[in-house]
Amino acid sequence: MKITLTINNTKREVEISPSEFLLDVLRRLNYSSVKKGCDTGTCGVCTVLMDGKPVLSCSILAASADGHEITTIEGIEKDPEFKNISNALLEEGADQCGFCSPGLILNVYAMGKELKNPTEDEIKKYLVGNLCRCTGYVPQLRAIKKYFEVKA
Amino acid sequence: MKEVKSSIKKVDGIGLVSGKPVYTDDLAPKNALIVKVLRSPHAFARIKNIDTKEAESLDGVECILTYKDVPKNRFTRAGQGYPEPSPYDKYIFDEYVRYVGDEVAAVAAKDEYTAEKALKLIKVEYEVLEPVLDFEKSKGSKSIIHPEKDFQSEGFISSDPKNNIAATYEMSIGNIEEEIKKSEVVIKERFYTQAQAHVMMEPHSAYSYIDMQGRLVVVSSTQVPFHVRRILSRALDIPIKNIRVIKPRVGGGFGGKQGIHGEPYVALITLKTGKPAKIYYTRKEVFESTYTRHAMRFDITIGADKNGKINVIDVKGLSDTGAYGEHALTTFMVAGSKVLPMYNKVKAVRFGGDVVYTNHPSAGAYRGYGAIQANFAIESAMDILAHKLNIDPVKLRKINMIREKETSPIFKIMGEGREGVEMIVNSCKLDECIEKGVKKIDWENKFSSKKEGKKVKGVGMAIAMQGSGIAKIDMASATLKLNDDGSFNLLIGATDIGTGSDTILSQIAAEVLNVPTDDIIPYSSDTDITPFDTGAYASSTTYVSGNAVRIAAEKMKKEIIKAGAEYFEVSEEKVSFNGKEIIAGENKITLKKLAEILYYNENQKQLSVTGSYVGEESPPPFMAGFAEVEVDTETGKVDLINYVAVVDCGTPINPNLAKVQVEGGLAQGIGMAMYEEVIYDKNGRLLTNNLMNYKIPSRVDINKLDVELVESYEPSGPFGAKSVGEIGIDTPPAAIANAIFNAIGVRIKDLPITPEKVLKALKNKK
Ligand code: FES
Ligand code: FES
């Protein structure tokens with residue numbers, strides 16, 4: 001079946017099979033920043049924004065994204081907020097294997113739009129679905145707190 | 001020093017955070033056949049018949065392989081040194097399946113949907129056998145997991161497959177019985193550690209194709225490309241020279257990718273069809289069909305005098321290697337060799353036991369590698385001893401632990417799989433680590449404060465050591481090549497698996513050459529292009545590969561001076577190189593200009609050097625870990641309020657990256673201590689085969705991690721550095737168990753420490 005997705009501000013007609021998940025369609029279309037880490041919607045590495053809200057692309061049928069706006073890291077790469085978030089992570093050395101980074105950054109990006117001066121607790125809760133096995137989370141938290149301090 | 005000891009950003013960081021296509025699956029050709037593996041539903045069975053006809057006739061199915069179509073070479077998937085210290089007990093496909101998830105057949109199809117459909121159409125007739133699911137009952141059980149006639153292992157491994165034993169080990173120093181008899185206080189305790197899953201975020205993945213010379217190219221998310229090449233050569237029966245293994249960015253490994261998993265399957269499909277093929281493990285497959293940590297049991301006896309001087313430590317161990325003997329002997333030996341030398345004042349010490357087969361998924365390498373298991377047992381036992389002696393556990397450590405310039409006879413006796421090497425510990429700030437930690441956690445007050453109420457706080461501690469590479473076995477090399485603009489390519493066989501090693505190795509080269517790290521362009525690793533390196537494991541990269549890079553850079557410096565001398569027509573002694581310019585008296589020339597001349601105008605030749613290194617010893621990093629917990633006595637729930645880790649990893653090359661290594665290790669250690677558990681049902685089926693049932697710590701579970709690096713200088717390391725990859729994981733299990741005891745007076749001796757266990761122990765105490 002054919003659906004229409006606006007991916008990173010570009011409208012695209014995409015041929016999909018009804019059982020296909022958004023994640024697989026995005027990867028098929030070469031948005032390789034969208035990673036696959038699990039089969040059960042629990043790791044968060046596949047996070048993308050749908051109409052500006054973070055969603056797990058592995059758990060969304062592509063068909064149900066028909067007509068929606070999808071944003072991946074490729075789409076915010078030029079956005080100064082992306083630079084600020086990623087810079088904070090790079091400065092802390094919180095980009096270890098980097099596999100969780102795009103999903104995490106998109107979520108921080110969305111959180112930045114949603115919350116003003118989030119507390120440590122709010123940050124943790126907002127990002128709880130983004131697992132990371134390399135960093136132990138604390139360097140990421142240091143980076144994200146710094147980002148919000150600068151932002152405030 | 002300006003390039004090392006500096007927390008520069010990772011050289012590949014921007015590419016990673018912006019999601020560039022750099023991991024294996026991102027790079028796979030779009031037309032690659034999709035490979036899926038049919039896996040055993042039984043813990044132990046013999047395949048009587050496989051019928052693939054119907055599956056093969058499915059439109060879009062390209063090829064199906066079973067045990068009838070594959071080379072019959074026994075190999076081990078463990079990516080280790082050679083000769084291999086793990087038994088050759090695995091076929092690519094076997095007539096026997098030995099755990100739920102073991103490989104039965106592989107399907108290659110045009111897409112995932114077709115491949116999965118085909119899997120369902122394969123008909124397999126099994127003769128179900130009696131599995132061995134309890135590792136304590138494996139030895140001598142009437143079910144024999146490896147009855148095959150062609151079972152082999154190298155002469156230095158004592159495998160006894162008829163008794164389900166993958167390896168046995170025994171060592172002792174001094175008179176154990178005598179010393180126990182003479183000791184005024186003796187404790188005897190039994191501990192259990194569970195299997196743990198790696199849960200690197202990127203699942204195992206690989207793809208393969210045939211290059212224009214007809215060679216097999218395998219691109220893989222691996223920690224050990226050179227071992228993969230060698231193992232594939234053995235398993236597939238093709239010469240090493242006809243195989244090329246490339247490692248792109250790796251999304252985490254922790255030992256889980258120190259072996260081969262999907263590689264033989266894609267390779268065989270490519271060899272058979274001539275077409276590119278790729279495999280991407282589902283998370284379920286990662287859990288069910290790759291490695292876990294070895295579950296272990298330890299019986300510890302410690303004898304001491306009244307003042308806390310330990311005379312004797314006796315450790316009897318049992319390890320569960322699962323269906324195959326990967327890392328069986330070596331993880332077990334490391335359990336002894338990376339813990340016991342900490343207590344080097346003993347008169348007698350013994351370590352031994354069996355590593356047994358069971359019908360569980362295979363255990364393999366995992367950060368901490370035996371050391372964390374034994375650390376939990378021994379460091380818990382130390383706490384029990386301290387309590388019995390009525391001595392502060394910190395003091396007990398101080399009386400008995402190893403210090404700078406000391407040694408332990410164990411270093412020589414126990415290596416990994418073989419004898420070790422003699423070693424004086426030339427850098428050891430363990431005492432300082434303890435002092436600092438004691439202050440940071442406020443030990444004096446908190447340890448002896450009154451414990452009462454519904455929610456009770458307590459503190460506990462443990463010390464740990466690891467190693468830096470495997471002495472005299474594992475080697476590394478690095479090639480430096482001067483470019484015509486004065487920059488350098490650094491070709492390294494070492495594999496950055498998310499640790500930042502490409503960055504720190506570049507820093508080391510830059511420091512020696514006195515150039516900015518920016519001028520070093522690292523490339524790792526490709527068995528065709530980069531020089532040999534045994535890979536990223538055993539905490540070896542900074543130390544072993546780092547030394548190789550240092551040596552290469554020193555050679556390069558000499559080459560530059562030599563070229564400068566030729567250019568100025570003076571002797572080499574008159575020439576110096578300051579990183580920018582080559583100077584001979586009044587004359588100078590920039591490196592950039594010299595390079596240009598070298599490649600385009602005069603005396604034309606390429607400056608290129610290779611350095612290699614093998615550790616003559618394995619200097620241990622040390623750590624003191626302190627946990628503060630709050631236990632809810634009504635629910636048994638334990639909150640880890642704070643974890644203080646003070647680490648001596650020598651002089652860190654990149655303090656930021658070193659610190660994150662420790663923080664990441666701590667979180668995994670905390671996971672092992674409190675949350676993570678691999679659970680099987682009574683038929684050996686894995687219940688924790690997804691991230692919902694297998695709980696790794698999330699952001700809200702990790703409170704405060706307070707990591708400090710205490711600097712020492714390791715004379716044999718590059719710029720004084722030791723390793724830091726594993727040490728962080730080692731102390732949490734014991735420190736947390738000890739803190740719980742301090743809080744509520746109950747001792748949990750099997751991991752993980754769940755609320756149920758705590759509550760039960762509390763009830764039993766009353
Ligand atoms: S891939 Fe894990 S949540 Fe989507
Ligand atoms: S950096 Fe590797 S999983 Fe987060």
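Modeller: **Where chain B meets chain A**

A salt bridge links B:Glu663 with A:Arg142, and the closest N and O atoms of this pair are 2.9 Å apart. The pair crosses from one chain to the other, since B:Glu663 belongs to helix H18 of chain B and A:Arg142 to helix H6 of chain A, which covers residues 138–151. Please keep in mind throughout that the model is predicted. The two partners can be told apart by their accessibility: B:Glu663 counts as buried because its relative accessibility is 0%, under the cut-off of 20%. A:Arg142, with 26% relative accessibility, counts as partly exposed. As background, side chains of opposite charge can pair when their charged atoms come close.

The area buried between chain B and chain A is about 4100 Å², and carbon and sulfur atoms give 57% of it. Within the area that chain B buries against chain A, B:Val17, B:Met201 and B:Arg699 supply 22%, which is more than any other three residues. Six salt bridges are counted between chain B and chain A, and there are 29 residue pairs in polar contact between these chains, with both residues at pLDDT 80 or more.

B:Ser698 lies in the loop between H18 and strand S26 (704–709) of chain B, and it counts as buried, at 8% relative accessibility. When its neighbours within four places in sequence are left aside, B:Ser698 is in contact with A:Val128, A:Leu131 and A:Tyr137.

B:Asp25 pairs with A:Arg27, and here the closest N and O atoms are 3.0 Å apart. The side chain of B:Asp25 also meets that of B:Lys278 in a salt bridge, at 2.7 Å from N to O. Because B:Asp25 lies in helix H2 of chain B and B:Lys278 in strand S12 (residues 277–280) of chain B, this pair ties together parts that are 253 residues apart in sequence. Both B:Asp25 and B:Lys278 are buried.

For a comparison within chain B, consider B:Arg46 and B:Glu95, which form a salt bridge whose closest N and O atoms are 3.0 Å apart. B:Arg46 is in strand S2 (residues 45–51) of chain B, while B:Glu95 is in the loop between strand S3 (61–65) and strand S4 (96–97) of chain B, so the pair ties together parts that are 49 residues apart in sequence. B:Arg46 is partly exposed, with a relative accessible area of 23%, and B:Glu95 also counts as partly exposed, at 31% relative accessibility. Elsewhere, salt bridges that share partners join B:Arg39, B:Arg77, B:Lys90, B:Asp102, B:Glu103, B:Glu285 and B:Glu326 into one network. Over all chains, the structure holds 74 salt bridges.

Finally, a point about the backbone. Most residues other than glycine have a negative phi, and most peptide bonds are trans. In chain A, A:Asn30 has a positive phi of about 75 degrees although it is not a glycine. A:Asn30 sits in the loop between helix H1 (22–28) and strand S3 (47–50) of chain A, and it is exposed, with a relative accessible area of 52%. In chain B, B:Lys5 has a positive phi near 60 degrees, and it too is a residue other than glycine. B:Lys5 is found in the segment before H1 of chain B and is partly exposed, its relative accessible area being 39%. As for peptide bonds, the one that joins B:Tyr82 and B:Pro83 is cis, with omega about -5 degrees, and B:Pro83 lies in the loop between S3 and S4 of chain B.

Notes: Residues are numbered from 1 along each chain as its sequence is written. Chains are lettered from A and ligands numbered from 1 in the order in which they are written. This is a predicted model: local features need pLDDT of at least 70, side-chain atom pairs count only at pLDDT 80 or more; totals for chains, interfaces and linings use all residues. Side-chain values use heavy atoms; hydrogens and water are left out. Buried area is the accessible area (1.4 Å probe) that two parts lose on being put together, summed over both. A salt bridge is a side-chain nitrogen of Lys or Arg within 4 Å of a carboxyl oxygen of Asp or Glu. A polar contact is a pair of N or O atoms within 3.5 Å; within protein, one must be able to donate a hydrogen and the other to accept it, and residues adjacent in sequence count only if both atoms are side-chain atoms. Helices (H or I, at least four residues) and strands (E, at least two) are DSSP runs, numbered from the N terminus. Buried means under 20% relative accessible area, exposed over 50%, partly exposed in between (1.4 Å probe, protein chains only). Contact means heavy atoms within 4.5 Å.
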